[in-house]
Amino acid sequence: MADSKDRPVYGSTESPASSPPAPIAGEKQVPSKVTAPSILARKGSGQAILCLTAYDWPTARLVDEAGFDLILVGDSMANVVLGHASTLKISLDQIISATRAVKRAVDRPLVVADMPFGTYHVCVEETLANALRLVREGGAQAVKLEGGASRAHLVQALVEADIPVMGHIGLLPQSVNSRGGYRIQGRTLESACRLLDDALALQEAGAFAVVLEGVPAAVAQRITERLRIPTIGIGAGDACDGQILVFHDVVGLTMGPAPKFVKRYANVADIMRKALKDLVADIQQGNFPTAEHTYDLGLDLPEDWDRHLE
Ligand code: KIV
């Protein structure tokens with residue numbers, strides 16, 4: 001278990017009623033785990049739900065330390081880690097492996113695994129089997145899938161199997177082929193009404209939250225007001241109950257232009273570029289390795305040890 005010292009101790013409001021008894025005075029306080037019901041309970045609290053993606057141990061550790069509530073092991077890993085042009089190529093096994101790494105790293109945030117393209121498109125039974133693998137093998141505490149009313153029966157089946165589900169509507173990266181690109185949704189009356197209908201259908205099916213991606217702020221605000229479950233926005237304005245972004249976009253580790261909704265808080269790629277160039281120069285100029293990075297001979301090893309082979 002990762003060391004949780006030097007990090008905030010979170011309030012008991014995050015703990016479900018059945019959580020273990022309060023620690024005895026003097027015992028190390030472990031931050032309360034965020035759960036799907038505790039995310040749902042945040043609706044209307046005025047406390048923004050903080051979400052970010054992560055796909056590996058070190059970044060998940062950093063996201064937890066920063067105080068995020070929810071980590072999504074997103075299929076955006078296909079783009080930002082594996083270099084694919086779309087999210088369609090990532091496999092269930094790849095998401096499971098990434099989810100295991102993230103789970104090993106975190107103490108507090110809820111870990112949600114994305115259901116990859118093709119893993120919930122055939123039938124309810126297959127959807128259930130794939131989501132169960134994400135939970136049992138990956139350790140995911142919830143799953144996310146894209147789509148609205150037409151996927152509500154899948155959400156309901158997963159929820160009935162005790163797998164919390166986060167919905168995802170609006171701009172749907174997995175629908176890039178059927179929609180002919182990455183399209184902002186909700187800009188016409190028909191499209192805005194369809195979004196609200198989708199959101200209500202997911203809520204009815206038992207989703208504990210819904211991601212709104214690439215939706216005009218005013219439409220996202222109205223949907224947020226109409227729902228009993230939290231909305232998590234990405235390119236959907238500031239009225240959503242929470243926000244989510246892709247880790248690599250936030251720290252500046254994605255190559256090429258970022259979407260309009262991304263705010264970059266660092267330029268980690270430039271820091272890495274400089275570090276790597278400095279290493280190259282040091283090796284070429286004989287400045288690395290120096291004595292500081294080199295092991296001495298063992299006391300029992302004579303200088304002419306290689307002659308002992310004869
Ligand atoms: O895969 C992903 O990263 C997502 C977003 C909601 C961030 O689905």
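**View 1. I71 and V143 in the largest nonpolar core.** This core has 71 residues, and I71 and V143 touch the most other members. The model is predicted: local features need pLDDT of at least 70, side-chain atom pairs count only at pLDDT 80 or more, and totals for chains, interfaces and linings use all residues. Residues are numbered from 1 along each chain as its sequence is written. A nonpolar core is a set of buried Ala, Val, Leu, Ile, Met, Phe, Trp, Tyr and Cys residues joined through C-beta atoms within 7 Å. Buried means 20 or more other C-beta atoms within 10 Å of a residue's own, exposed 12 or fewer, partly exposed in between, with C-beta atoms placed from the backbone.

**View 2. Contacts of I71.** Leaving out residues up to four places away in sequence, I71 touches L52, A54, A60, V63, V102, V106, P109 and V111. Contact means C-beta atoms, placed from the backbone, within 7 Å.

**View 3. Helix α4, residues 92–105.** Helices (H or I, at least four residues) and strands (E, at least two) are DSSP runs, numbered from the N terminus. The buried residues of α4 are I95, I96, A98, T99, V102 and A105. Their cover includes α2 (57–65), β2 (70–73), α3 (77–80), β3 (110–114) and α5 (124–136).

**View 4. D162 in a loop.** D162 sits between α6 (152–160) and β5 (165–170). Its phi is near 70 degrees, a positive value in a residue other than glycine. D162 counts as exposed because it has 8 C-beta neighbours inside 10 Å.

**View 5. The cis bond from F288 to P289.** Omega is near -5 degrees in this peptide bond. P289 lies in the segment after α11 (268–284). Most peptide bonds are trans.

Technical notes: Contact = placed C-beta atoms within 7 Å.
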